[in-house]
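Subject: Handing over a structure

Dear colleague,

Please keep it open while you read.

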Amino acid sequence: MDKLLLSNIRNARKLLHENYITPKDLLNSCLTQAKDTNHLNAYITLTEDEGNKQAKQSLERYQKKEATSKLDGIPIAIKDNFCTANIKTTCASKMLENFVPTYNATVYEKLLNAGAVLVGKTNLDQFAMGSGTIDSIYDSTKNAWGYTEDDYYIAGGSSGGSAVAVATGSCFAALGSDTGGSTRNPASYCGVVGLKPTYGLVSRLGLIPLVNSMDVPGILTRTVDDCVLILNTIAGHDPKDSTTLTKPYKEILLPSSGKLSVKGLKIGIPKEYHCKNLDKEVLDTWNDVAKLLDENGAVVKEISMVNTEHSIVCYSILNQCEVASNMARYDGIEFGLRADENSSTEKLYATSRSHGFNEVVRNRILTGNYFLLTKNYEKYFNQALKVRRLISNDFYKAWEDVQVLLTPTTLSTAPKYKDFVKKTNRDQCAMQDFCTQPANMAGVPAISIPIKLSKKGLPISLQIMGRNLSEPMILALAKYIENIVKFPGVK
Amino acid sequence: MNYISRSIVRLYCTKPRVILNRKYLVPKYPAQSTIDARKLPERTKIDANTIALLERLSLVDCANRQSIETLEEAIAFADQILQVNTEGVEPLVTVLEDRPLVVREDEVTEGNRRAEVLLNASVVEDEYFVAPPGNIPLEARENLLHEEEKCN
């Protein structure tokens, strides 16, 4: 069973289909695995009851030979910033510690309709603000790679719980969210596949918003094929999210890896992604894969995206401004933490918010409001929006020359917890999101795939980006690379 | 051309580049920053009035010494963007700017969950949310820069 848990969705589906195992067996094995890896703290809530109900329904479909979906009976996990009806959704915050949504996020609803079974809700940085999954009221999530009882590496974030759950086999796929790299960053550190789809391809309804103009649901899986299965299930227009694209979604079907070829594929290496903090081992891995693709017939060329350096600063301003506005909804009256304060409405708001948000969230609100002050609006906020266009234009220019971009995902392998916490949240994000947030600024799809282990035995990953809606191409290239590098996975 | 002369040509004319290109398909050296550190504005100092204003706007009464420092750091970090030439560039608010957003018909499709919705409120009376008296502006805290100001 352990072997099956670290296998792929197709294998599990086959065993379910042939009645070797039942959806309930599979769910129970996943729950046992989640409990056995409890020390890594991937989950905030295990949803045993809900999952068992779903597994029972799945079994009935299998018995009646009605289980036609490729995900029927497959255990999944969901980051705890997606609304799940009747299951608490905390955003790892005191503010929403007792919040129980009355509706399902569209992505969860679609997974349920496809017969998937929920194992649990995973840990994150509070309100998804972070790149380590260390700022959670439920304590930090720990990376499975290199873990010892008194020392551990961070999982990355903010979807660190989802990445660890997938890496350790307590689910077959997990949803994360990605505003500046929150899916790809932990995927990179934990050695799993992490996809940020094109902005608008996947519904955000029920994803508790961080930065509306950049947020997308992300997918974490162990293989590229599994990622395609999940994307095919959750993508497409949602009448309840006006920012989803109306063009009908065409299901992606990737050929078997033997039939994939990179001959003539134009791959860009944006030279600005080699920034001064890039680790030598990551650089070498980047070069090795570029060489490998070149040797197999791809046209690999260096290109320039001059505004890359400004992207992280621009991102930081826009993020804090949108956060300041988005977090205004939390006042403690209709839902969320309510302080014991009755002197005035405003005082109740202020006290509830001071108690309900951690320092990172409060600081981002204060800073965002500073940039939005009348005297600063043009200077910072509008200037950042203009720089955002320059960054987006860099991508458009790149597509005149090349079809996809190959870059590092993160600048290094996972840092040790004790080193990571020495830096402030902003410094952590400024460094860790360097290569990932430009894709969010431009809305383009990006995927992180694990390549190899570093000398210390930690995953090194690379990122592929493509033009809007080029998911079929970047996923195909990811699968091509995956098949050659044969990344080992957690043992 | 025979082998030797070809080698010589390579040796003299193209060798370094060929070998570099062969070995390094990715840039060997980090890109140089275009930010001129000497031209960055002086570090912004946040005064008590600004803090009072930000707290009132943000409705979090927790600007302690450390978070003021964090705010000043964030401003210094943001100042780098002032050096980017954006003359004639239009702001990009959303990547969907080139298309109209589709809105639904204004029809009730679901809902009627009053009981469940009210369950998430800490204080309710019958079918109402309860709030303390309104229209009382938040008073600025005394001692805005107090070092001991603790949150949580």
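Ser158(A) is buried, with a relative accessible area of 0% (buried means under 20% relative accessible area, exposed over 50% and partly exposed in between, with a 1.4 Å probe and protein chains only). Please bear in mind that this is a predicted model, in which local features need pLDDT of at least 70 and side-chain atom pairs count only at pLDDT 80 or more, while totals for chains, interfaces and linings use all residues. Residues are numbered from 1 along each chain as its sequence is written, chains are lettered from A and ligands numbered from 1 in the order in which they are written, and side-chain values use heavy atoms, with hydrogens and water left out.

Ser158(A) sits in the loop between strand E3 (117-122) and helix H6 (160-167) of chain A, where helices (H or I, at least four residues) and strands (E, at least two) are DSSP runs numbered from the N terminus. Not counting residues up to four places away in sequence, the residues that Ser158(A) touches include Lys79(A), Asn123(A) and Ser182(A), a contact being heavy atoms within 4.5 Å.

An unreviewed UniProt entry lists Lys79(A), Ser158(A) and Ser182(A) under "active site"; UniProt positions are given in the numbering used here, feature names are shortened, and annotations may be inferred rather than shown by experiment. Although these residues are spread over 104 residues of sequence, they cluster in space, with a largest C-alpha distance of 11.0 Å. Lys79(A) belongs to strand E2 (residues 75-79) of chain A and is buried, its relative accessible area being 0%.

Turning to charged pairs, the structure holds 24 salt bridges over all chains, each being a side-chain nitrogen of Lys or Arg within 4 Å of a carboxyl oxygen of Asp or Glu. One of them joins the side chains of Lys35(A) and Glu48(A), at 3.0 Å from N to O. Because Lys35(A) lies in helix H3 (residues 23-36) and Glu48(A) in helix H4 (residues 48-63) of chain A, this pair ties together parts that are 13 residues apart in sequence. Lys35(A) counts as partly exposed at 43% relative accessibility, and Glu48(A) counts as partly exposed at 32%.

In chain B, Arg114(B) forms a salt bridge with Glu127(B), the closest N and O atoms being 3.7 Å apart. Salt bridges that share partners also join Arg43(B), Lys45(B), Glu72(B) and Glu73(B) into one network.

With best wishes
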